Amino acid sequence: MSGGTAERMLDHPVVVRVAGDEHAGFYRPRAGTGVAGGASAGVAVEAYRWGALTAGAAVRTASMLLLLPFMLANLSIWLRPRSADRFDLLAALCRVLAGTITAAFVLSMVGISLDLVGWQCVPYEWCRQDRAYLSWLNALPMGARLSLLSLIPLLALRVVWGMGRRSARALEGFGQPAPHPPTSYREKLTTPGFWDDERTPAWLRQIHVVIGVGTLDASLLGGVSGPEGSAARLLLVPAMGLLACCAVLLCLPVPTSTTRARRIVLPLLAAAATVTLLSLGYAVRAGHVPPVAGQLPGYEGGVGVLQSAQGVLLVLLAAVTAARARTTTGSRPFLAGLGTPVVAAAAVTVADAFASTLVFRVADQLDRGHVPGALRANPAGVGPLDPPVAYWWAALAGLAALMILAGAASITYLLTGRRRRRLAERIVEQDYPDVPPQAAPRLVAVRQAIARSHVTEELGPMLVAFFLIAALGLAVTTFNAIGLGPTQLVAELTARPMGTTLVTAYITDAGVWIISLLVIGFVILAYRSYRSTQTRRAMAALFDLADFWPRIVHPFAPPCYAARAVPELAKRVSGLVATGRKVVISGHSHGSVLAVAAILQLPPDVQRRVALLTHGSPLGRIYTRLYPAYLGQQALCEIGEQLDWRWRNLWRDTDPVGGPIFVGQRVKRPPCGVPEAESVDLRLRDPRAVTIDPTDTAPPPLERHWPYHTQPAYQTSVRELTEQIP
């Protein structure tokens, strides 16, 4: 089982699908064309190809890049140090933070359409000159103009909703829903209906639509209220009330009854539609709104308040996560158990980078190449097409975050180099004790491969980087609240403001452009994913980590492919066992994670006829530390006990992804407290030799992460596991 092609997995040129469809299916060698490569006598080999779920559709893969902030927000909750409790405060905070990311997206579209185009550009002749697509808007009163341009954020919200919902038929809800649907929190992978990825996103999707609509209504009413807009200020109350109701609903458990969910959501949707229609109607009826120089009234304050709320939520997330991480037992998680606030902060940072890039690039286009700023006055008669102060700070904070992360990664690589080299030397001395002098260059290559493969475990300085970025984010939140931009702050703090302000302006511009280039690079990569199959597969390998988990935080994230793969695999295994066959599930790399998840969904009578063979598996090396609440050491021990330890794990020291599952524990007692666990991990020497065989012309290659199934140890493990199945 792997995400590669069926021909590669079976090591056979002619295969045929025996179950599933073009998105994910089970394949065997075509009858009469021979057996799969390396297959043991009497063993039928069948490959499960699920890679098309993440890399099969070009639009799906490209949309994953564009939905990256939503995907990171959804991933954050799964990195929590402990599973959910009854009240699940951590999930509530993550969901509210995800709601602010949706609001930030809508605000960025409001900044383009209502603020830059409708309020700042169209009233000025120089900005709309030779632009027929903007000139006709000047004939409309300001209220009607803003009302018409409000359709753009609504359309953008609909597009994002559609991108997150796309391919749901192929990815979601394989088979019938669970007879007993889970509550809003999911304790273990054995929970019935754990992979039901339809009910929760449907509930959250409607709430996030109301959040987006309420954000638009508040922005529109703030722009057309004016000094005599008492009715607009009156309409602001229900608009803000919609946002408050959504925040409360995000903190509550997801209703398990469809009827109850409709009873709650339908009135909310009706209220949102009513407030939106009243807001649009009031804006049209308001007619001419007295012009105010600068940005859309209330827009900059709204962006600043939103980013301040995100900073407060991140602080609360870090505090709650740290409190729970102290009570976590088992293997030490990455980043001291603070994976949830780290990834949540990354989601906010990426969302702000996307928003600031979008607003700045549109402002630059409307300004005809004149970069807005306090030191660079626009031509006469042209309004200051200047984005909010919060976006200037977001660009600077994003640039600083990139520099801190790059520095932390470099320091990590340099400081751990000596330790990794010593480890590689010990392994090489143990595996190749007596080699001729002419093999010395080959030994050097092996040592370097082993040293590089062990950099995955060294993420200590990244925790320091997170705290620096978090402190930077809090400072930015403070400056946003008081309305000070980078140049204004420097001017207030320095004795000679002219020179330092100029330097600050250049640095800020550089930050804006660097962040913009990175986001543009994401867009180009998304386009390449749309055009190139190889790029699509490479990106899908990265998104395997994020799209593996169900959407219980942000509904606009790409669909969870495991929602189909895991139940489908469990159903296929159960069907094979029902025919009286013994089944050895073999999972390579991320396929081993799917195999473990499928085994946990099997009934006990089926588990007794199943064995597990993992190779190149990131379970012990990455997943137990990234997701300690769901795939921690205790969960892996329970899997071994359920299989009666019919489990083998093949690994190499040169593999940068796979590693041991149990032998790496730094404890004196046997892993999982039983001696059987010690027989699970089987280390393979790589390469097989460092000298050239007399019948060959080159030394054996470094296999690293692929392949495993062609090795003799793999065939031996299959035979042994088959014999152990009762």
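Biologist: In which strand is N649 found?

Modeller: This is a predicted model, in which local features need pLDDT of at least 70 and side-chain atom pairs count only at pLDDT 80 or more, while totals for chains, interfaces and linings use all residues. Residues are numbered from 1 along each chain as its sequence is written, and side-chain values use heavy atoms, with hydrogens and water left out.

N649 belongs to strand β6, which spans residues 647-652. Strands (E, at least two residues) and helices (H or I, at least four) are DSSP runs numbered from the N terminus. With a relative accessible area of 0%, N649 is buried; buried means under 20%, exposed over 50%, and partly exposed in between (1.4 Å probe, protein chains only). A polar atom of the N649 side chain lies 3.1 Å from the backbone oxygen of G659. Contact means heavy atoms within 4.5 Å. Leaving aside neighbours within four places in sequence, the contacts of N649 include T614, H615, S617, P660 and I661, and also V680, D681 and L682.

Strand β7 (residues 681-684) holds R683. R683 forms a salt bridge with D431, with the closest N and O atoms 2.4 Å apart; the term requires a side-chain nitrogen of Lys or Arg within 4 Å of a carboxyl oxygen of Asp or Glu. By this rule there are 7 salt bridges. The bridge from R683 to D431 links distant parts of the chain, 252 residues apart, D431 being in helix α17 (residues 417-431). R683 is partly exposed at 29% relative accessibility, whereas D431 is buried at 10%.

Another part of the chain forms an open sheet of 3 strands in the order β1-β2-β3, paired in the antiparallel sense. Two strands pair if DSSP finds at least two bridges between them. Strands β1 (15-20) and β3 (47-49) stand at the edges with a single partner strand each, so one side of each has no neighbour in the sheet. Between β2 (residues 25-29) and β3 there are 3 bridges, and Y27 has A47 as its bridge partner in β3.

R28 and E46 also form a salt bridge, at 2.7 Å from N to O. Because R28 lies in β2 and E46 in the loop between β2 and β3, the pair ties together parts 18 residues apart in sequence. R28 is partly exposed at 23% relative accessible area, and E46 is likewise partly exposed, at 22%.

Notes: Polar contact = N/O pair within 3.5 Å; in protein donor to acceptor, adjacent residues only side chain to side chain.
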